[in-house]
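Reader: I'm new to this one and would like a close look at a single part. Could you walk me through it slowly?

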Amino acid sequence: MSVQFLESSRGKPLLLHDGSQFRQDRQKWRCLKTGCRSRAEIRDGVVTLCSDHDHAPDIVANAVRKNLNELHEAARGASDDSRTSNIVDKVVGLLTSEAVIGQLPNLRLLRKQVSYTRKKVNPNPTTVARTLKDIVITHAEKFTLKGELFLLHDSGPDDPCRIIVFATPANLMLLRECPE
Ligand SMILES: [Zn+2]
């Protein structure tokens, strides 16, 4: 069996062996369980336990870690316009084990972590305007590629029925000549 790794909340590798998680400790791997003195070694792709655990494997903790890893994977791959709460709901919504759900951080914290992961991967996401107020017209967008003024009118973000008119003076002349 290949060596299995998970990821810690700080993005560090965790070795998963025989139902226990280990963090890297110099050349060896140290069991994550507080007080347990078990160490493991990886040699030529094979994990060897150097000293035994003083506890049973924590299946729930492993499932929690795997689900958190999946959540952050989803966060990294999410498109700019997907909502953080939807990413969290999608992963958490698939969980059926109450024990696992019970050990997850609360939803507010999960969203915060997911949002942090997203910002780390993509510090400047393209913001999608969801309301008329959100629409920001940059200076460049007010002009055509030829440098003609393109934004004729904008009633402003404070107008609940905001009206934005884009047209060039030449287009308006054409409209004026049209009999209809
Ligand atoms: Zn242990």
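Reader: What covers the buried residues of H1?

Author: Two quick notes before that. This is a predicted model, where local features need pLDDT of at least 70, side-chain atom pairs count only at pLDDT 80 or more, and totals for chains, interfaces and linings use all residues. Residues are numbered from 1 along each chain as its sequence is written.

Now, the cover includes strands S1 (4-7) and S3 (20-25), plus helices H2 (84-93), H3 (98-103) and H4 (107-121). Helices (H or I, at least four residues) and strands (E, at least two) are DSSP runs, numbered from the N terminus; a contact means C-beta atoms, placed from the backbone, within 7 Å.

And what's under that cover? In H1, Val64, Arg65, Leu68, Leu71, His72 and Ala75 are buried (20 or more other C-beta atoms within 10 Å of the residue's own; 12 or fewer is exposed, in between is partly exposed). Down the axis of H1, these buried residues fall within an arc of 120°, so they line one face of the helix; the arc is taken from the directions from the helix axis to the C-beta atoms. On the other side, Ile59 and Gly77 are exposed.

H1 also packs against H2, at an angle of about 145° with the axes 10 Å apart (axes are lines fitted to C-alpha atoms, for helices over the stretch in contact, and angles run from 0 to 180 degrees between N-to-C directions). From H1, the contact uses Asn67, Glu70, Leu71, Ala74 and Ala75; from H2, Ile87, Val88, Lys90 and Val91.

Notes:
Two residues are in contact if their C-beta atoms, placed from the backbone, lie within 7 Å.
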